[in-house]
Amino acid sequence: MSVETVDVVVVGTGFGGAIPAYNLAAGGASVVMLERGPEMATEDFAHDLQVGTYTRYVDLINGDGVQVVAGNCVGGSSVVYFAASLRAPSFVFDRTGSTGRRRLWPAALTRAELDPWYDRVEETLPVAQQTWDDVPYAGGVWAAACRNAGHTCNPVPLAVDLPRCTNCNWMLSGCRFDAKRSMLLNYLPAARAHGAQVRPLHEVQLVGPATTPGYRYRVDYTVVDPSDYRLVQGAGSIEAKIVIMAAGAMGTPVILQRSAAALGGVPSAVGRYFSPNGDRVSMAVLDEEKLGSVLGLEREPGVAYEAFHIGKPIGSMSYDFLDGRLPEFERFGLQQIYFPSITNVLPEDGTGAEPQWFGVDKKTLSARWRSWLTVLALTEDDNEGVFGPPPPTGNFVRAAPTASVTTLSYRPNAATLRGWERSDAEIRAIIEKDGLGRHLSWVGGQPSLSAHPLSSCRIGDDPATSALTSDHELRGSPGLFVTDGSAVPTSLTVNPSLTIAALAERASVAIARCAAEAGIAVTAGVPAPGSA
Amino acid sequence: MSSDAALSRRRLLQIVSAAALTLPLTGLRMPAARADVLPRSLDAETLTLEAWSDTMVPGEKRSPDDRAIAGVAAGPGAVQAGAVDMMRFGPVGLAPAVPALAAGLNAEAVRYAATVGVLPDPTVPPFVGLPFEHRTGLALQLLDTGRPDQLVWYGLAGIAMLAFHTAGHLSTPDAVRSGHPGLAWLDFPQPDADGLWRYPVFSYRRRLARPHPRTTRTGQPA
């Protein structure tokens, strides 16, 4: 029996998968997308914290020293992201890391080089500029506190249909109102309109050489049970001339590690140099009286704030420390953010005594939940993360439906810790100036909690530290590309979705050229979705 | 062999051990009603899990002779919020391991008591028999990130806290409407009639800070 063949297999359907899938399908290639998660309809995105609802498509993955939040559904993390759509500052592309010797990004890549691709993504999603009328209360409080401390603060550009948005603050659960511009609303339907197939619940296990003449790679997958992803309902293979890995930074390096023998080896940089994007979350409990008397805020008569739960999760951000004149590791974005109460286990209670994150004092703190404010510092880490040997199947071990464990370990080094200390100090200075509130650390989890897993299979010019060429091709494996967050060389000091998307757009041109050379009738440089 | 590789193998073993806790039972296809909470009784296991939950989010005693709840804080705690129900809630995936975890807590309580020189009340399970400060002391030991089994105890702690802070074993709209003690403690807002949240009024609608001078035309950092 012959194996199924197709021009292009795309592993994953998030930003990194949907964008090249669209470009190649629109260019004329046959495309199959394999997605390990389920396909959710808009009405499936319930406003519900009951385990078994959002946990069907949001994974919390525990590593050693790091916890990662990632999407697990058609549309990938774009379905559960908070839609902050920011371009990486210019200095990011010149980062050298703590070695200080060699630029980590390919020489061909600068902010100016990427700007046209950012433009294209912003027009396609599309990205909206929030005015101050659009910034929810929590973002307003952060902006006013920044101003009070002598800092600037900007409304954050969002991939959100602002008039349609209800400010429900349930973005981690997807968007019930089709207001958040995930891949479900743009690139994926456009790819499907050009014939691309999306196959949910197909978990890719291995990439190896094809057996069909004229095809390069065989992709082996299992079909998982929708009610328990640990149970296998079937298995299969598909062969392709081009394979695009976009399983996310928690998936792509693991699949490639497992495929090393079958592929005749993979670069040593696969599974190394992981970055949690320098994410550093902390929070404040605010003094409502001071918000009124010092900042002049009033939400309704007699109430200054008490609105932690209202809004879009990301409202405002200070760009003051995104300054290329500052030393590397001392540059960071400071962003107001909201997480649902599933993260309430994490903040310290503020007493400085044990126990720090549970017990009587923590409960007392929780009674002021509406006066909390969460701040995300997006710092420059040093790509210290390393994946251990891959598990037998899957991207990580699902110990229980709600407990996933990865072989990833992360130990922040002195350079990263310096960035965390600097950003902590700046947030504390802003929050505690004039007694606006009390700055509290997140101590109830791993040292690093990231919703922005990056690198571990990155583009670059140095084969020792980058698994991919500047065109996103895996070194030593012609026609095998990586276009997801794992290809991003460094932390970005901003939320990474727009950069992942822009890089995927840029890579799509090179992939299409490679596909044409492999005999696929495909045109490079097709119009963006909706623009033709 | 590098120490990195050795560490990774150790880590993998930890993961497999954690998985072994629940995986042998995953082949059991529970009926559709598996999401239902298992029967609850005030047996030694339940008392132990309640005492652990009360250590995480302390509450007031349900009655003067309540043994599981230490009664060190006013208002409801994790027990009242349904922590033990959540530990046994099918979709969480911990239910098969719950008896072993309760037994483990009691074994650890015996070890702890001997180490610090306290005598647990012998009329109740050892963890329940510890005074509150010693329940906390043991919890701090079990939740120390240096322990190889820390992830297991962290999971049990997390569920107790999630029961209080999210009512994770219940439909959130239903839980809020029915006055779930934890969500009420947070002053979690009420949903609209259709079980969804919407905030038509959400912004101060004022310019509250000066934007960065190098902001691009489209609001981006330079």
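How many of the 13 residues of α1(A) are buried?

Author: Happy to. Keep in mind that this is a predicted model. For helix α1 of chain A, 13 of the 13 residues are buried, so the helix is largely enclosed by the rest of the structure.

Now for the nonpolar core. The largest one has 240 residues, and those touching the most other members are A:Val31, A:Val141, A:Val219, B:Ala83 and B:Ala160. Helix α7 of chain B, residues 150-166, supplies the largest share of this core, 12 residues. Take A:Val141 from that group: leaving aside residues up to four places away in sequence, A:Val141 touches A:Leu286, A:Leu291, A:Leu297, A:Tyr305 and A:Leu373.

On to where the chains meet. Here 72 residues of chain A are in contact with 68 residues of chain B. Several elements of chain A give two or more residues to that side, among them β3 (58-64), β9 (228-245), β16 (397-400) and β17 (403-409). The biggest giver is α3(A), with six residues. Sorted by class, the side of chain A that touches chain B has 37 nonpolar, 21 polar and 14 charged residues.

A:Val397 sits in strand β16 of chain A. With 23 other C-beta atoms within 10 Å, A:Val397 counts as buried, because the cut-off is 20 or more. Along the chain, A:Val397 and A:Thr407 are 10 residues apart, and their C-alpha atoms are separated by 8.7 Å.

Then there's strand β10 of chain A, residues 272-275, which pairs with two strands. Two bridges join β10(A) to β15(A), residues 385-387, and the two run antiparallel. β10(A) also pairs with β20(A), residues 454-455, in the antiparallel sense over two bridges. A:Phe274 takes part in both pairings: its bridge partner in β15(A) is A:Gly385, and in β20(A) A:Phe274 stands opposite A:Ser455.

Last, a bit of annotation. An unreviewed UniProt entry lists residues 450-504 of chain A as "domain: Glucose-methanol-choline oxidoreductase C-terminal". In the model, that span is 15% helix and 11% strand, and its end C-alpha atoms lie 21 Å apart.

Notes:
Residues numbered from 1 in each chain as written. Chains lettered and ligands numbered in written order. Predicted model: local features only at pLDDT ≥ 70, side-chain atom pairs only at ≥ 80, totals over all residues. UniProt positions renumbered as here; feature names shortened; annotations may be inferred. Helix = DSSP H or I, 4+ residues; strand = E, 2+ residues; numbered from the N terminus. Buried ≥ 20, exposed ≤ 12 C-beta atoms within 10 Å, placed from the backbone. Contact = placed C-beta atoms within 7 Å. Nonpolar A, V, L, I, M, F, W, Y, C, P; charged D, E, K, R; others polar. Core = buried A, V, L, I, M, F, W, Y, C linked by C-beta atoms within 7 Å. Pairing = 2+ DSSP bridges.
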